[in-house]
4 protein chains.
Amino acid sequence: MILILKHNAPQQELQALEAMLSEQGVQVTGIHGTHHNILGLVGDTSKIDIDSILAQPVVENVKRVQEPFKACNRKFHPEDTVVEVAGRKIGGGHVQVMAGPCSVENEDQIIEVAEAVKKAGATMLRGGAFKPRTSPYAFQGLHAEGIDLLKKAKAATGLPIVTEIMAIEHLDLFADVDLIQVGARNMQNFELLKALGHSDKPILLKRGLANTMEELLMSAEYIMAGGNMNVILCERGIRTFETKTRNTLDIAAVPLLKQLSHLPITVDPSHATGIPSLVKPLSLASIVCGTDALMIEVHNNPSKALSDGAQSLTPAQFAEVMDDVKKQIAFCGKELG
Amino acid sequence: MILILKHNAPQQELQALEAMLSEQGVQVTGIHGTHHNILGLVGDTSKIDIDSILAQPVVENVKRVQEPFKACNRKFHPEDTVVEVAGRKIGGGHVQVMAGPCSVENEDQIIEVAEAVKKAGATMLRGGAFKPRTSPYAFQGLHAEGIDLLKKAKAATGLPIVTEIMAIEHLDLFADVDLIQVGARNMQNFELLKALGHSDKPILLKRGLANTMEELLMSAEYIMAGGNMNVILCERGIRTFETKTRNTLDIAAVPLLKQLSHLPITVDPSHATGIPSLVKPLSLASIVCGTDALMIEVHNNPSKALSDGAQSLTPAQFAEVMDDVKKQIAFCGKELG
Amino acid sequence: MILILKHNAPQQELQALEAMLSEQGVQVTGIHGTHHNILGLVGDTSKIDIDSILAQPVVENVKRVQEPFKACNRKFHPEDTVVEVAGRKIGGGHVQVMAGPCSVENEDQIIEVAEAVKKAGATMLRGGAFKPRTSPYAFQGLHAEGIDLLKKAKAATGLPIVTEIMAIEHLDLFADVDLIQVGARNMQNFELLKALGHSDKPILLKRGLANTMEELLMSAEYIMAGGNMNVILCERGIRTFETKTRNTLDIAAVPLLKQLSHLPITVDPSHATGIPSLVKPLSLASIVCGTDALMIEVHNNPSKALSDGAQSLTPAQFAEVMDDVKKQIAFCGKELG
Amino acid sequence: MILILKHNAPQQELQALEAMLSEQGVQVTGIHGTHHNILGLVGDTSKIDIDSILAQPVVENVKRVQEPFKACNRKFHPEDTVVEVAGRKIGGGHVQVMAGPCSVENEDQIIEVAEAVKKAGATMLRGGAFKPRTSPYAFQGLHAEGIDLLKKAKAATGLPIVTEIMAIEHLDLFADVDLIQVGARNMQNFELLKALGHSDKPILLKRGLANTMEELLMSAEYIMAGGNMNVILCERGIRTFETKTRNTLDIAAVPLLKQLSHLPITVDPSHATGIPSLVKPLSLASIVCGTDALMIEVHNNPSKALSDGAQSLTPAQFAEVMDDVKKQIAFCGKELG
């Protein structure tokens, strides 16, 4: 950590600052510049709050050298983490494809979709039971019943199930869910993250619409700090000024997050733009960039879907995407499933 | 609602679409263009899900005409809403100033700050007991004890208290809190909003870092749909590409939200940029733009604050800001408190 | 074009508006809604200025149905445009790789780099003679001498040359340049675009840092409106809130621009993030998304480069990227060069 | 400037780096950390290119301590600069109001508007002769004739005139223009900035849609480096994700730019949002934040304006805005004109 001090800071305040820093167990070295004096802090600075340093009257600016995330940091854990979800590996050369409808709507629908995506090559079933909708007047999901229907679909097809949690008090309902998703809007719902840190379930953590990669990693850190190391990151598009697409897929986040962290990563090409015809190219792009999983919305009848129909693929369209996805996974020397 | 249809859509699919729309109780009128046919839907379209329309194969695009928010919409409620918080009015020509530390740290601190901000003219006390921090390793607040200390400060000064809620299960602890704040990171924590909709407490709803004004209003709508009409909106800066300031204060949101909605509005000039020297100009700007309240961070010893010290004013700096704030409020023909 | 009229607009003003619209040669059809009346305009609305409509007192909002771009619009020109640059095809199944230094620095440097990138498989040479630098104190390029050196490198290697133009008055210097680049900062330098519209040179038009895809296409339209149809679009990363990367590559723009327009497209994975280790994955992602060319910064001695050294690849790194790029191009059924 | 070195960098490369740095005339001091070594550079580092440092293989990251702008930096020029435009002062307690139409359309229009805005209190006349339009099919301005008409309006009213330049080759036409505007889209048209640096005309430099405050200052630096110190900065709204307003006015930029630089500043509340009803509150907000000028679009017949009619005020609306603007200027202890 580097502190840039104000010009002409009084000697007395400088000494007070150095004393305060020494108390925190870090060593302090000074550099005297023409316009600024600089202090370098050496040691474990992760405990030091940047705000508290900035609040010192003699400090003009602070720059972090060490990254603020630890448990998920590749520097301290060089080998890739592989998360197992109901016996399927995410990471380590395996690529999983999670497919299914935005919302679970009824038994026929979810089983029909589950069978169709399985046939096309999907290895996990996604489907929403609790739906975060912008409008309180929109369909909010079937809740507990939705989870029950997902379990039936799992029983029918053998596909592990992934579904989103929106509140801590629903956690008990997720006992048989194989992979619990934290949605983009809850990426910084820290109380929820803490509760999931005390679970032993694998967690799929989606990046918030306007959150940086570092903030995503800090949210993973919340879960891991509680003891749950089974975290999978998910890039699903960020909010920018562009209006032709619903969001902007930050494809560079895939290889860069893998450099910064040892955690596996998923890409959601459906939410990334909201445009079905872009799902295939973005899926292929994610694979060549090293993603460990894809999450794709498929509905047996998009025009009657209760949510997100517009961005869902039909089973036939999904099968066509999977044809190319399978080939590209093989070409990259990886394995589907 | 206007539907733009694909060129050369088959007659049969068009008829199916029109039949589906008629079932939803809206009238359909067609316009036949050179390249596109257009359908206009007349009637109550607020129940119609835009996604389900977009998912129809013959539909190229949909444009909403009616705004999706109703309870908070000024069109249906032309007069200003005035929210009462422990007998103080927010709106209707009254301007409240909520001041206090980012975090409640101990009894001496909160009482000292409360007395200082009261003396300078603040009309409500803010202070965090549950703190949403990016890092799990940072100070997370005193929780229940923090709320108890706020109550002591209220007893000592008579200032109503405002503090942030982070999870539904903490709601019981907020029984004596006068104004419950929903933070920017929880603006779309819909389960929390629904729970607050069933409360009768006034709610201060902060705009998310990357949420549009319309999304803010839709989140207000979540609370109001549950029956709680005591919602105060808060503009606190949005995330942009600019890096010199922590966030970018969207000052135009103040007058525009007042045009769109009858709800009162607060501005938080401290979080808006993170730079103490900008609190005064941004407070004055907010007042001339019509804000009904200000929320300002003040700490008796910013350099020892456990959070957000860098953006806090000292009591002396706050008193100087209040000098000009009071004059500007009077100049605008409004009343402090 | 659809006009949403204000509620309770006076009949007289409505008639005035309809008369004004009829004068513009479009047909007007009305839909009468509960809260709004709507007018649909049928015919060629591309000449109608949206602002002038919005300025009518009875108009609340206007929505375009037809896209505002014509010459570059795929709807009116379904087949892909292939631009020839010194005999090399960009588009139509051919992928060109333009490589070279950010700045041309001296004869040895540019010839050494040109030979190295040619050997590794590059098919065109890029190099800056006029450099747009944020700081007036930074190296601004060798100007005319830089172009002369590029010509020498072309003579030595046979690689066509691409370099950036910054002002109309330099156009004569570009007589022997094979492909003229318009940089991101000049994407809306409309006077320059108009001048290039009267040239017969192929133009590489880079997307501005904060410009939408539609604005990029409108800038292409400026060149094409002058008669020059040889325009190649370039996605090079947009400005977002993320700070880990210099820009955010909008990878979805590649397939989407190809849907909207018949023009060929290039991706610049070097400027997209500024991080050399991301050039390979982003190059591969661009290829699977259908790019017709790549533009990659290569320097024989990045640590001594006069500009952008930090994001340049060494010739050895570039050769390694090209190994995978060649394989991926072949796997996609396309041809390098 | 602070260099953060890679972990375990070879001793030999470190020595080479230190030697290279010493050659640049700066002193180097090292700090040895657990995970990183740090070098602090002391002396005049403004000549050092950050990119060239980042390109050194042993360097992981570089942090600037000194700001890269000098001529416009308040640190080296503490007192406010006052720019005189045809005898009117911008800065130093004087506030100018520039008003007029987006485009000059004909003699009657510009003279009528000029007289109306003068009567309402405007102190300068704005009007576009060269118009940067997104579409090549939109009205592009009257060019030389437009400037002639502005001169006639000046002769009729005595108001100094401000109009936009779009290309260096038009500079001769601007001989009688009192204040030359560089538009947002040309803020980084560096060749134009250089040319204006050799002029002695006052320059109004608008912030680009997606440019940081630092980039705005660096563009001012381009003009000043050529010898022209008469630069006025202009905040006119930046591009964000919000869609209800055309742009987002970065109101905090007004006081912050004044802290960073001694140059005077203007705000354009018309372009900032594109919504006429927001011009008054944003004008008042700009004044309390310390702006030295306002630039407001006024048209005698907005519904027939050839450009930007939708965001123009009528003369009557402008007069009403000016009533409050005058009072607020006086309340702030400043002088209109």
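# Chains meeting chains

Q: How many salt bridges does the rule find across the interface of chain B and chain A?
A: A salt bridge here is a side-chain nitrogen of Lys or Arg within 4 Å of a carboxyl oxygen of Asp or Glu. One of them pairs B:R239 with A:E215, at 2.6 Å from N to O. Across this interface of the predicted model, the rule finds two salt bridges.

Q: What pLDDT do local features need in this predicted model?
A: Residues count from 1 along each chain as its sequence is written, while chains are lettered from A and ligands numbered from 1 in the order in which they are written. Side-chain values use heavy atoms, without hydrogens and water; in this predicted model totals for chains, interfaces and linings use all residues, side-chain atom pairs count only at pLDDT 80 or more, and local features need a pLDDT of at least 70.

Q: Which helix gives the most to the side of chain B that touches chain A?
A: Helices are DSSP runs (H or I, at least four residues), numbered from the N terminus. Three of chain B's helices, α2 (50-54), α5 (190-197) and α6 (213-225), each supply at least two residues of the side touching chain A. With five residues, the top giver is α6(B).

Q: How much area do chain B and chain A bury between them?
A: Contact just means heavy atoms within 4.5 Å, and here it takes 47 residues from each of chain B and chain A. Buried area is the accessible area (1.4 Å probe) that two parts lose on being put together, summed over both. For this pair, 51% of it lies on carbon and sulfur atoms, and the total is about 3900 Å².

Q: How far apart are the closest N and O atoms of D:K75 and A:E60?
A: Over at chain D, 24 residues are in contact with 24 residues of chain A. The count between these two chains is two salt bridges. One of them joins D:K75 and A:E60, with the closest N and O atoms apart by 3.7 Å.
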